Amino acid sequence: MSKIILQVEDLRTFFFTRKGVVKAVDGVSFYVREGETFGIVGESGCGKTVTGLSILRLLPEPAGRIVGGKIIFNGTNLLELSKKEMREYRGRMIAMILQDPMTSLNPVYTIGDQIAESVRLHQGLRDEMVEKEVISALRLLKIPSPEILLEDYPFQLSGGMRQRVVGAIAMSCYPRLLIADEPTTALDATIQAQYIALFKEIQKKTNVAIIYITHDFGVIANMCHRVGVMYAGKILETAMTKELFKAPKHPYTSALINSVPRLDRKDDRLYSIEGQPPSLMNLPPGCRFSPRCSMAQAVCSEQEPPEVEISDGHSVSCWGMK
Amino acid sequence: MDTTKVMDWDKVRGSTRRMRISSQLTFVLPAAVLLLLVLVAIFAPLLAPYPPTKIAMTERLLPPVFVEGGSTAHPLGTDLIGRDVLSRVIYGARVSLSVSLLVILITASIGTVLGIIAGYLGGRTDAFLMRVTDISLAFPGILIAILLAVILGPGYWTVVLAISILGWAPYARLIRGEALKLREADFVAQARIIGTSPARIMVRHIFPNIINPLIVMATLSVGFVILTEAALSYLGAGIPPPIPSWGNMVSDGRNLIDSAWWISFFPGLAIGLVVLSGNFLGDWIRDKLDPRLRQV
C-alpha cells in the first residue's frame, strides 16, 4: 500500500459569530494515501468545504478558527507552520479547485498569465521555462492548442474550458495533494463525466492524492476509492466506496443512499430523511443524527458514539454497532 | 413568405450608425476640448498676445471686440487695470489645469492605497481607516483651506495641499467598497490557494479590477477640483495675484459684474467648459467600461 500523504486527526474548526459559536467541523479524522481519491460526501452546510479550507488554512479570519486537532501532511503538522511557511505549501504541495469556474479566474489577466503566476511563485524559473511549464500544464488537462489559448481572456472560454484552466493552475506545480471542492457541480452532465475521467487519468500519471468534496453519490461511485460520510460537522462512516454502497452500516448513510433516485427500482415516492439537519450552533446531545434516526435508542441522545472499526478500513460512529 | 417583412434592415442599420456617431461625439468633443485647453496651457507664452501681468492704465475696462467700443487689440477686453483678459485666461489655464491634475493624482493615489488596504485587510485596520475617512468627509474643506492659507500663506502649493488634504476621502470610500467586494471574489480565493501573499494579491489582483471606477471618479472630479480652486481664490485663499488663475479672475471681476461682465465671464466660461468636458468624458468612460452597455 502506498504512503499516507495526509492525516487529519480530530480536526475542530469553529466560527465565532455574534450569535454564538458555529461548530462547522467538530472532530473530523481521516487520511489520504498517495494516488488515492478520498471522497467527502454530505448535505450542504455539513462542513465539507470548511474541512477543505482548514487543510489549506484559508478560513475567513478572524471569525473562522481551527481550535483543535492535527493536520499532518507528509510528516509536518500544518497547524504549526508560520503564515509564510504555509504559503509555500499552498499551490506547490497542496492545491485546491473551487466550485464555480465562471468566477475563479481573474477577468483582467490572460489564461497564460494566471497559470504562470503559480509557476513563477513556486519554481523561480526564467520566462522561457515558465511558458514551457504553463503549456505542459495545459496539455496535462488536455486543452486543445494550448499555445493559442495562452493569449485568451477568461470571458472568451466556456465554463468547461475554464474549469480545465483552473485544473491546470492547480496541477501546474505538480502538487502531492489536490482538494477538489465540487469542481463539477457547475458543469453540465457530459462535461462533468469528461472532467472526472480526465482527473482519474491525471491521477494515474502524477500519483496525486485527491480529496473530492461533493454531495453527488454518482460522482463518488465514479471517482473515489474511499469515502467519508459527513453530517453536521462530523464524519459518521468511512469505508471503501464499493463497500459503502453495498453494505452501509450507519443509518444516515443507508438513508442517504436510499434517497438517491434509481432507474432499477420502481418507487412511487422518492425516499427522504425526516426532519432537518441540526443547527451547527446548537447541536443535539449524544449522536448528532439521533433526532432524525429511525433506529435511535435511549443511549443515542445521551452519549456521543465512539468510532468503531468494524472491518479493515471501515469505521462507523454509531451505538447500533456495539 | 416574401410579403412578410420581419425587419427593416436599412432602418436598423441607420439607427445603430446614428447611435455610434452620438457615442463617438460624446467622447470626441469633450476630449478635444480638454486636449485643446492643455495645449493652450503648455504653449501659453506663444499664444497670449500680451504678458498676463502687463498693466496698461490707459486701456482699462475695454469691452470685448464684439461689443460696441471693443477693439481687436484686446479680443476679450481688459480688466480694471488694463490687463488683457484673453492673455490672462490663456495663462490661467496653466494654473487651473495643473492644480487639478496634481490634486487628482495625489488624492486618487492616497485614496486608492488606503481604500485597498482597508477593504482587503478588514477588521481593525478597516475600522480605523474608515473612521479617519469619515472625519475627513465631515470636515468643512473650505475652512481647512482658509486655515492653511493663513498658516502657510496663499500660494500654488497651498492650494494643492488644501484641496488634497481632504480630497482623498471619497476615493478611499469608493475603493474600499470595491476592494471589500473583490476580497470575497473566487479569483482572489484562487490566488490565496496558490500561495500568493496578501501584498501581492492587493497589487496584482485587487488593483487592476478597480481601475474602472477609479478612472471614472478621477475624470468626474476634474470639475470639483477646478471649482474648489475657484472658490478658494474667490475667498482670497487661492492663487495670489497677480498670477492669473481662472478662479481668481472670476473673483477679481465680481465687483464689476454689472458694468464689465467680461472680466468674470470668460474665465467662468473656461471653468464651465472643463467641468462639463470632464463630466462628459467620465460618463463616456463609465459607459465604455460597463460590459452591459458595451458592444450595443
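Two strands are taken to pair if DSSP finds at least two bridges between them. On that basis this predicted model contains, in chain A, an open sheet of 8 strands in the order β6-β7-β8-β3-β9-β10-β12-β11, and the pairing within the sheet is mixed. Its edge strands are β6 and β11 of chain A, each of which pairs on one side only. On average, and with direction ignored, neighbouring strands of this sheet are turned by 20° against each other.

Elsewhere on chain A, helix α10(A), residues 251-258, lies across β9(A) (226-231) and β10(A) (234-240), and runs at about 100° to β9(A).

Chain A also has an open sheet of 4 strands, ordered β2-β1-β4-β5, in which the pairing is antiparallel. Here the edge strands are β2(A) (21-33) and β5(A) (76-77), each pairing on one side only. Strand β4(A), residues 64-73, is joined to β5(A) by 2 bridges, and the two run antiparallel; I72(A) has N77(A) in β5(A) as its bridge partner. Helix α1(A), residues 48-56, packs on this sheet by touching β1(A) (4-16), β2(A) and β4(A), and its direction makes about 70° with that of β2(A).

| Strand pair | Bridges | Bridge partners |
|---|---|---|
| β4(A) and β5(A) | 2 bridges | I72(A) and N77(A) |

Among the helices, the axes of α3(A) and α4(A), the latter spanning residues 127-140, come within 9 Å and cross at roughly 110°. Because angles of 65 to 115 degrees count as roughly perpendicular, α3(A) is roughly perpendicular to α4(A). The crossing in which α3(A) passes α4(A) is right-handed. From α3(A), the residues G112(A), I115(A), A116(A), V119(A) and R120(A) meet V130(A), E133(A), V134(A) and A137(A) of α4(A). By class, this contact has 6 nonpolar, 1 polar and 2 charged residues.

For chain A, the domain assignment gives domain 1 (4-93 + 175-266) and domain 2 (105-171), whose C-alpha centres lie 26 Å apart. The contact between them takes 11 residues from domain 1 of chain A and 11 residues from domain 2 of chain A. On the domain 1 side, helix α7(A), residues 189-206, gives the most, with 4 residues, and the residues of that side divide into 9 nonpolar, 1 polar and 1 charged.

Between the chains, 22 residues of chain A are in contact with 15 residues of chain B. On the chain A side, α2(A) (83-89), β6(A) (94-97) and α3(A) (111-123) each supply at least two residues, and α3(A) gives the most, with 4 residues. The side of chain A that touches chain B has 10 nonpolar, 6 polar and 6 charged residues.

Definitions and conventions:
Residues are numbered from 1 along each chain as its sequence is written. Chains are lettered from A and ligands numbered from 1 in the order in which they are written. This is a predicted model: local features need pLDDT of at least 70, side-chain atom pairs count only at pLDDT 80 or more; totals for chains, interfaces and linings use all residues. Two residues are in contact if their C-beta atoms, placed from the backbone, lie within 7 Å. Ala, Val, Leu, Ile, Met, Phe, Trp, Tyr, Cys and Pro count as nonpolar, Asp, Glu, Lys and Arg as charged, and the others, Gly among them, as polar. Axes are lines fitted to C-alpha atoms, for helices over the stretch in contact, and angles run from 0 to 180 degrees between N-to-C directions. Angles under 35 degrees count as roughly parallel, over 145 as roughly antiparallel, 65 to 115 as roughly perpendicular and the rest as oblique. A crossing is left-handed if the near helix is turned anticlockwise from the far one by less than a right angle, and right-handed if clockwise. Domain bounds come from an automatic or database domain assignment.
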